[in-house]
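Hello,

Please find the structure below, followed by some notes on what was found in it. Have it open while you read.

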Amino acid sequence: MLSIRNLSKTFSSAGEPVHVLRGVDLDLGAGERVALTGESGSGKSTLLHLIAGLDAADGGSIRLGDAEVTTLSDAGRASLRRDRIGLVFQQFNLIPSLSVADNLAFQARIAGRHDAAWTKELVERLGLGSLLKRYPEQISGGQQQRVAIGRALATKPALLLADEPTGNLDEATAEEVLALARDLVARTGCGFLMVTHSLHLAATLDRHLTLHAGRIS
Amino acid sequence: MTRALWVLAVLLSHWRRHKMQFATLLIGLIAATALWSGVQAINQQARNAYDRAAATFGGARTAMLVAPNAATFPQELFIKLRRAGWPVSPVLEGRVQINGRSVRLLGIEPVTLPVDVGNAPRLGAADLSSFVSPPGQTLVARETLRGLQEAEGAAPAISSGARLPPLRIQPQLAPDVLVVDIGVAQRLLSKPDQVSRLLIGKPRGKPAPLASVVGEQLELIEPNAETELERLTDSFHLNLTAFGLLSFFVGLFIVNSAVGLAFEQRLPMLRTLRACGASARLVNTVLVIELVALALVAGLIGLACGYFIAAALLPDVAASLRGLYGAQIPGQLSLRPEWWLAGIGISVAGALVAAATSLIKAIRMPVLATAQPGAWQQRQRRWLILQSCAACGAFAVALLLFYYGQSLIAGFGVLAALMFGAALILPALLDIILLVGQRLARGPLALWFWADSRQQLSGLSLALMALLLALAVNVGVSSMVETFSRTFIGWLNGRLAADVYISASDNAQGVAIRNWLKDRSDVQAILSGGRAEAQVQGQPVELLGLPDHALYRERWPLLDTAPRAWTRLVPGNAAFISEQLSRRLNVQIGDVVEVPAPGGSWELDIVGIYADYGNPRGQLTVNVAALIRQFPQTPQTRIGLIVARENIPGLIAALQKQFGLDDRSVADQATVKAESIRIFNRTFAVTSALNAFTLGVAGIALLTSLLTLANSRLPQLAPLWAIGLTRPRLASIELTKTLSVALFTALLAVPLGLLVAWCLIAIVNVKAFGWRLPFHVFPLQLVELVVVALLASLVAALLPILRLARMQPAALVKVFANER
């Protein structure tokens with residue numbers, strides 16, 4: 001489903017080029033759950049951003065289903081994110097002015113794929129029933145991340161990308177949130193690529209990859 | 001479409017959570033639209049009135065024939081011209097008094113009246129018959145009828161005792177004009193078989209040459225695109241427009257500040273939208289739609305407010321225009337659809353201009369860009385350098401306009417460029433002041449105080465710019481008005497030399513009054529004057545005749561004179577010239593001015609230049625006896641008297657009893673002076689009101705900036721609270737910071753305001769009115785304005801400061817809870 005070949009990305013820092021990704025190869029099948037670890041600055045988040053079309057690669061290819069992400073226009077990449085990718089961030093990135101219910105349904109609505117029954121199921125599975133009318137600032141970090149996961153999965157995406165989704169949570173909450181994510185990924189059958197610093201959490205997924213010196217080992 | 005609606009709903013949801021910011025944006029747009037539209041409404045109302053006056057049977061927009069040297073000419077010339085194929089129509093004009101009010105009386109001949117003469121009343125066949133057949137009709141505008149306190153159908157008497165034909169409302173007519181059949185007018189004005197002018201319609205064939213029909217008895221006056229009234233009042237309306245524009249820009253400062261802050265706050269939301277799959281084009285389009293929708297709503301509210309502002313100011317404006325230029329403006333607003341459309345248009349355009357920077361940022365925003373709080377100093381330095389360069393450019397434009405600009409528009413251009421440059425350079429100046437403070441600071445808290453003030457500068461700079469502009473305009477206009485007021489009163493004391501002023505109804509009454517006065521022991525001197533009209537180098541000029549009397553030599557406000565000027569005036573070949581006319585004609589002492597008089601060219605040596613404030617026309621002052629010799633038709637109806645103060649009331653009462661004079665025909669010096677000062681004060685009442693509005697809007701700009709900044713200040717303040725500063729202490733530091741930058745701004749506004757005052761006095765006034773005032777500084781007034789600025793800042797800062805002082809610890813702790 002996701003096939004990455006020879007992907008490279010270079011940034012400039014203080015006038016010096018920094019080669020963050022130096023020919024990354026990665027394959028991820030439907031329903032597969034993969035953890036990606038690595039040192040800080042190793043390029044984990046950059047890889048996720050390139051897959052999601054949030055940034056442009058310098059070379060290589062990213063194929064998601066029948067779409068070649070690296071050749072898509074801005075609108076094409078937006079459409080890809082809207083319809084086929086779910087994104088979860090460390091900082092939750094909920095819309096502070098929308099209620100939990102509206103945040104949950106938000107991406108599905110703009111994708112035109114709002115499914116009330118599925119949203120209801122998400123609410124139940126994520127345990128958000130009593131929080132629907134609240135605003136992000138009125139709920140805890142763990143609850144906010146559950147809303148973010150729900151928002152990302154509300155479109156039933158082909159691929160869920162999570163960038164350190166538990167980075168702001170305590171250990172118990174992190175495990176609880178990840179368990180929910182795993183459960184929902186299994187329920188939808190989508191691919192799941194999670195960037196994490198926690199080797200313990202990484203071990204709970206199907207496969208564990210490490211990014212080092214710009215390459216996956 | 002649904003997608004766009006969802007994005008719009010998300011964008012709008014921001015305002016639901018930030019109601020104060022939303023109110024700020026609307027207030028800015030409403031204030032900008034209201035003040036601009038209000039001023040435009042007043043200008044439009046006045047221009048409509050000028051158009052109506054110009055189109056009234058031979059205003060400046062109609063070609064006509066007049067006698068070169070007389071007010072009227074024989075009616076037989078009209079008959080001759082009609083027979084020679086000229087499509088002319090006669091008009092007789094004069095003034096009559098009804099119920100103590102003086103109005104213009106126009107006599108027309110409706111059958112020959114050209115169809116294309118302005119907005120001439122359309123008299124149908126039935127109306128035409130009623131108009132010309134006895135008793136006839138008097139056409140009158142609705143507002144004139146109200147002013148005369150008469151009802152339609154009434155036949156009021158004029159001062160001579162004769163009665164007008166029954167009044168009939170004709171809405172298209174100019175105010176203060178009565179229209180009757182020419183035969184009726186000739187009888188009422190006691191000018192049988194006389195005509196003032198002949199209006200010319202479109203000729204069917206080629207008529208005989210004018211000179212071959214009437215010789216040199218009549219001359220052709222071509223129509224003008226701009227009437228004399230429009231020319232005279234241009235500067236007044238330009239002044240109002242400049243104020244409207246300033247208020248508009250101050251309003252846009254608020255909008256810019258609110259939109260900019262909303263954009264910064266919505267950055268994460270915009271990125272999330274993009275991350276969720278909304279394309280950049282969709283997000284940007286919806287941002288523009290949202291802004292236009294808000295501008296439409298605010299524009300409509302602003303227009304309604306603008307209407308009320310215009311309605312409130314109109315009576316003062318109308319009084320000013322009547323007092324200064326004799327222009328009759330109806331006191332009730334009637335607005336055209338274009339005004340409403342233009343108001344909405346200006347609101348939308350203003351919103352887009354004010355939000356341009358934010359919109360461009362949004363369009364260029366890379367989806368992954370992150371905030372760079374650490375780099376604020378570098379960004380601020382770059383921004384300050386860019387703004388300072390732009391400021392230098394604006395100052396250069398001001399200099400160029402000052403040296404090379406000749407027109408009034410160029411004068412206002414100097415002011416605009418100067419103020420724009422000053423506003424742009426303000427943040428850099430404040431940054432330097434704060435940097436000096438930072439360098440001199442001892443102790444960590446003082447260091448933080450100055451450093452944090454510098455960091456806050458970018459958020460507050462727009463509001464401070466608005467405050468600077470409003471204060472500078474206040475200082476400038478107040479200094480100018482105060483200078484004008486003092487100069488005007490001093491000038492009035494010199495100009496109003498006589499103790500009692502009499503205006504006789506005609507020459508016969510004038511002679512009778514003079515004879516009667518000669519026998520009175522309480523009259524120390526009789527000063528007979530006169531006025532005539534002439535054209536000098538194509539400009540209308542008033543000739544003022546003064547008697548040779550010591551009183552004038554002592555008091556007349558001469559700015560510059562030749563030796564023995566008063567003595568040289570007596571023979572009749574010398575004149576004083578008013579300051580504005582000397583500038584217009586470029587005439588100095590020692591030059592000669594030729595005045596076309598009925599007996600031929602009258603050459604006058606210029607031996608003095610005098611101040612003639614408030615008179616839009618140019619004036620030449622000559623000896624009254626010489627004036628009557630050159631212009632025998634000069635009415636000798638103006639008489640000044642020198643009387644001991646205690647004898648004035650008795651003399652006036654006796655004059656009124658003896659000659660039936662009303663209060664307008666005889667008045668003492670104090671009454672005339674009071675009336676002049678009243679007109680003066682009303683003229684500047686509008687300026688003062690707009691001044692206050694602008695300062696108010698600047699205060700709102702500061703308040704809204706402080707309120708919107710208050711929330712983003714928490715991450716800066718929470719660490720200080722955490723290390724042991726109490727909330728009231730933090731609040732007092734914040735208040736001191738706001739008041740400090742406001743004080744620095746107010747102190748910088750003082751020299752700028754004085755520069756504005758100098759520009760108004762030395763450039764704008766000279767170009768607009770032709771007179772230059774001495775430049776004075778009023779220190780007390782400046783101190784007052786600085787105190788007002790500080791009070792406005794205190795009021796603006798109070799609400800956010802109180803909020804901070806009362807803030808629950810939980811709110812401050814949250815800063816750390818969210819810290820990443």
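**The sheet in chain A**

His212(A) stands opposite Arg215(A), a residue of strand S10(A). This comes from a predicted model, in which local features need pLDDT of at least 70 and side-chain atom pairs count only at pLDDT 80 or more, while totals for chains, interfaces and linings use all residues. Residues are numbered from 1 along each chain as its sequence is written, and chains are lettered from A and ligands numbered from 1 in the order in which they are written.

S10(A) runs antiparallel to strand S9 (residues 207-212) of chain A, and two bridges join them. Helices (H or I, at least four residues) and strands (E, at least two) are DSSP runs, numbered from the N terminus. Two strands pair if DSSP finds at least two bridges between them. Strands of a sheet pair through backbone hydrogen bonds, either parallel or antiparallel.

The open sheet has six strands in the order S6-S7-S8-S3-S9-S10 (chain A), and its pairing is mixed. Strand S6 (85-88) and strand S10 (215-216) of chain A are the edge strands, each pairing on one side only.

**Where the chains touch**

The contact takes 24 residues from chain A and 23 residues from chain B; two residues are in contact if their C-beta atoms, placed from the backbone, lie within 7 Å. On the side of chain B that touches chain A, H1(B) gives the largest share, nine residues.

How do helix H3 (residues 100-110) of chain A and H1(B) cross? Their axes come within 9 Å and cross at roughly 150 degrees (axes are lines fitted to C-alpha atoms, for helices over the stretch in contact, and angles run from 0 to 180 degrees between N-to-C directions). H3(A) and H1(B) are therefore roughly antiparallel to each other (angles under 35 degrees count as roughly parallel, over 145 as roughly antiparallel, 65 to 115 as roughly perpendicular and the rest as oblique). Phe106(A), Arg109(A) and Ile110(A) of H3(A) make the contact with Arg3(B), Trp6(B), Val7(B) and Val10(B) of H1(B).

**Confidence**

Chain B has an average pLDDT of 80, and 86% of the residues score at least 70; pLDDT is the predictor's confidence in each residue, from 0 to 100. Over residues 370-375 of chain B the pLDDT is below 50, and this stretch has zero contacts in the model beyond near neighbours in sequence. The model scores ipTM 0.71 and pTM 0.63.

Regards
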